[in-house]
Amino acid sequence: MNFSPSFVLNRVSAISLAAALAVLAGCNPKDGVREYADGMAAYESHSLEKAGKLFSKCLVYAPENVDALVMLARVKCERGEISDASETIAKAVALDPDAPDVALLDAEIALYAGDYTRATSRFAAVADDAKLEPEARALGWTGLGIVEMTRDRRDAARIAFLRAIRLDRRNASARYHLGLLYRGDSYGYLDAALEQFDIFVRLGETADPRAMHAQRVIIPGIKADIARRAAERPGAQNRDANASAAALARGDAAMKKGNFKVARDEYAAACKADVLSYPAALGLAKAWEKSDATSAGRQRALDSYKAACSLRPSAVSTFLAAGELAAKLGQHATALELYSRAVAANPADISAIDGLIRALRKVGGRKEDADAYQSYRDSLSQRKAK
């Protein structure tokens, strides 16, 4: 877990300026300002032990310095001294309970301590505070998402990360954790995961260990998995792109003339010649839909739509068509997965979210998830109205 200490750094600049002015004035008051400034310098150079000693010394001179308490708690947290970090942040909470940096660090430490109730409450206090800047609220939503990931609540986690990104598109931590969520077994949306990690790397600092790991290990690994999945499709090693293109052209011509059964045969031939042809799979789905209204025919159309979706995970309109057809066939679990993937491709697509909500309400035991997505959907409408 990694939250940007932006609020702390904003406070730091003012205190560093005060220290500089004290030096220029030729004075050295025992108010902890110098120790705090030196502690920040040590912290920024990753000298945590030295930073901790300096922040502690600052607090000897100024025991109610909230900034020093926050930084000392962060140092202890990063050193794995969770119990001491909890005691230190509690002192900051007592002095300034509503400060965003205090609340966020209090929540983070609570999460490390396994106190999910407190972590959720404190992160939510920041996320729901309309008086705060969007970037601050986004950190609260990011924290909530991490808590939900820890509790294996994938939909609640996704919604929290999406809300964080909606508030602050440059929230690197939300991008990173959403990428982890999509890459994991709970979703397995590799293309969506790749998109989030690509953005995360562009947003991150080149020296950031997580950004380096994402760039050198995670992203190449995802690309390799995507390529392997394509290569493992039956027939992928015997593709005939020219034959597929010719059959596809004949299928398109037949569709324009309304010869849907002829088009169906041509699209089927195009798919056989190249199992990785998205236009052929999509054409076959539409041709089946046009030529056969029986349950068997619509099932063939759905199968072809699903094949097309797997070939182009970014094709939101195709997922929506497939989801609608699955719902008409009463296959609500299939519709749910299709709409969920559409949301991954475009989190702001209202039709995809509405379809996902409908499917969740049709599937047993998913009312809480449906309500959570409805709240997210409502937040999109409210933001657009402004």
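The lining of the second largest pocket comprises 13 nonpolar, 4 polar and 7 charged residues. Here Ala, Val, Leu, Ile, Met, Phe, Trp, Tyr, Cys and Pro count as nonpolar, Asp, Glu, Lys and Arg as charged, and the others, Gly among them, as polar. The model is predicted: local features need pLDDT of at least 70, side-chain atom pairs count only at pLDDT 80 or more, and totals for chains, interfaces and linings use all residues. Residues are numbered from 1 along each chain as its sequence is written, and side-chain values use heavy atoms, with hydrogens and water left out.

The volume of this second largest pocket is about 610 Å³. Of its 24 lining residues, D191, C309, S310, P313 and R341 are the closest to the centre. Two or more lining residues come from each of α11 (190–203), α12 (209–231), α16 (295–311) and α18 (332–345). The most come from α18, with 6 residues. A pocket is an open set of points on a 1 Å grid over the protein atoms alone, where a 1.4 Å probe fits, with protein on both sides within 12 Å along at least five of seven lines; lining residues have an atom within 4 Å of a point. Grid points are joined across faces, edges and corners, and a volume is the space filled by probe spheres set on the points.

Helices α9 (residues 154–167) and α10 (residues 172–183) form a packed pair. Their axes come within 9 Å and cross at roughly 150°. Axes are lines fitted to C-alpha atoms, for helices over the stretch in contact, with angles from 0 to 180 degrees between N-to-C directions. Helices are DSSP runs (H or I, at least four residues), numbered from the N terminus. The two are therefore roughly antiparallel (over 145 degrees).

Notes: Angles under 35 degrees count as roughly parallel, over 145 as roughly antiparallel, 65 to 115 as roughly perpendicular and the rest as oblique.
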